[in-house]
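The sequence and structure are shown first.

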Amino acid sequence: MGLGADGEGPADGPAAGVVHGLATRRETLATVESLTGGLLAAAIVEVAGVSSVYRGGLVVYATELKSRLAGVPQELLAERGPVDGDVAVALAEGGRRRCDADWCLATTGVAGPRPQDGKPVGLVYVAAAGPNGSVVRRLGLGGDRDLIRSATVVQALRLLAERVAASGAPSGATGGA
């Protein structure tokens, strides 16, 4: 177990590991959430010392807000709908720009209890945008609504941890809190 971003408290769990890693690199993070509705941001801000890392986030539950606030092209949303890998990437890239952050995580999917626009419950996309581009991961999650949302948070944080580790030396922070 390592220390939190503040160098004081313990860093355990995926959010603490990500925050500590970004703090060490002097890089910043933002979030754009649909499916998780703020749960990802809540997990991140629980970590002591997070203010040196977390720039902020957007909760864009309504489809039109994905375009208006996060910059997802309206044509993409009209063609594919909100639950799509390219939409997840556009959310992450838009959030990174809007929040002036080095990294951004985005979530979109169907938590249930019913399918949405022909997409099954448990179909989730998490995306990470960073200095070296963007990546999306398609997830097929089981369980009830709460379990799907909680698992999405963990998977998004794992994706970011992998991307940060693979990115090599820090890019230098673009923003700061």
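A salt bridge is taken here as a side-chain nitrogen of Lys or Arg within 4 Å of a carboxyl oxygen of Asp or Glu. The model is predicted.

**Salt bridges**

By that criterion the structure holds 5 salt bridges. Arg 80 forms a salt bridge with Asp 86, with the closest N and O atoms 2.3 Å apart. The side chain of Arg 80 also meets that of Asp 84 in a salt bridge, at 3.1 Å from N to O. Together with Glu 79, the residues Arg 80, Asp 84 and Asp 86 are linked in a network of salt bridges.

The surroundings of these side chains can be read from their accessibility. Arg 80 is partly exposed, at a relative accessible area of 33%. Asp 86 is partly exposed at 40%, whereas Asp 84 is buried, at 11%.

Another salt bridge joins the side chains of Arg 137 and Glu 162, at 2.6 Å from N to O. This pair links distant parts of the chain, 25 residues apart: Arg 137 lies in strand 7 (residues 133-140) and Glu 162 in helix 6 (residues 145-166). Arg 137 is partly exposed, with 26% relative accessibility, and Glu 162 is partly exposed as well, with 42%.

| Arg 80 | Asp 84 | 3.1 Å |

An open sheet is formed by 5 strands in the order 4-3-5-6-7, with mixed pairing. Strand 4 (54-59) and strand 7 stand at the edges; each has a single partner strand, so one side of each is left without a neighbour in the sheet. From one strand to the next the twist averages 15°.

Thr 107 stands opposite Val 126 in strand 6.

**Helix 1**

Helix 1 (residues 14-25) has 12 residues. From its first C-alpha to its last it reaches 17 Å, close to the 16 Å expected at 1.5 Å a residue. The buried residues of helix 1 are Ala 15, Ala 16, Val 18, Val 19, Leu 22 and Arg 25. Arg 26 follows helix 1 and has a positive phi, near 60°.

In soluble globular proteins, nonpolar side chains tend to be buried together. The largest nonpolar core in this model has 29 residues, of which Leu 22, Leu 29, Ile 44, Leu 157 and Leu 160 touch the most other members. Helix 1, helix 2 (39-45), strand 5, strand 6 and helix 6 each supply at least two residues of this core. Helix 6 gives the most, with 7 residues.

Which residues are in contact with Ile 44, leaving aside its neighbours within four places in sequence? They are Ala 15, Val 19, Leu 29, Thr 31, Val 50, Tyr 54 and Leu 157. Of these, Ala 15 and Val 19 are among the buried residues of helix 1.

A second, separate core has 24 residues, including Val 32, Val 60, Ala 90 and Ala 127.

Definitions and conventions. Residues are numbered from 1 along each chain as its sequence is written. This is a predicted model: local features need pLDDT of at least 70, side-chain atom pairs count only at pLDDT 80 or more; totals for chains, interfaces and linings use all residues. Side-chain values use heavy atoms; hydrogens and water are left out. Buried means under 20% relative accessible area, exposed over 50%, partly exposed in between (1.4 Å probe, protein chains only). Helices (H or I, at least four residues) and strands (E, at least two) are DSSP runs, numbered from the N terminus. Two strands pair if DSSP finds at least two bridges between them. Axes are lines fitted to C-alpha atoms, for helices over the stretch in contact, and angles run from 0 to 180 degrees between N-to-C directions. The expected span of a helix is 1.5 Å times one less than its number of residues. A nonpolar core is a set of buried Ala, Val, Leu, Ile, Met, Phe, Trp, Tyr and Cys residues joined through side-chain atoms within 4.5 Å. Contact means heavy atoms within 4.5 Å.
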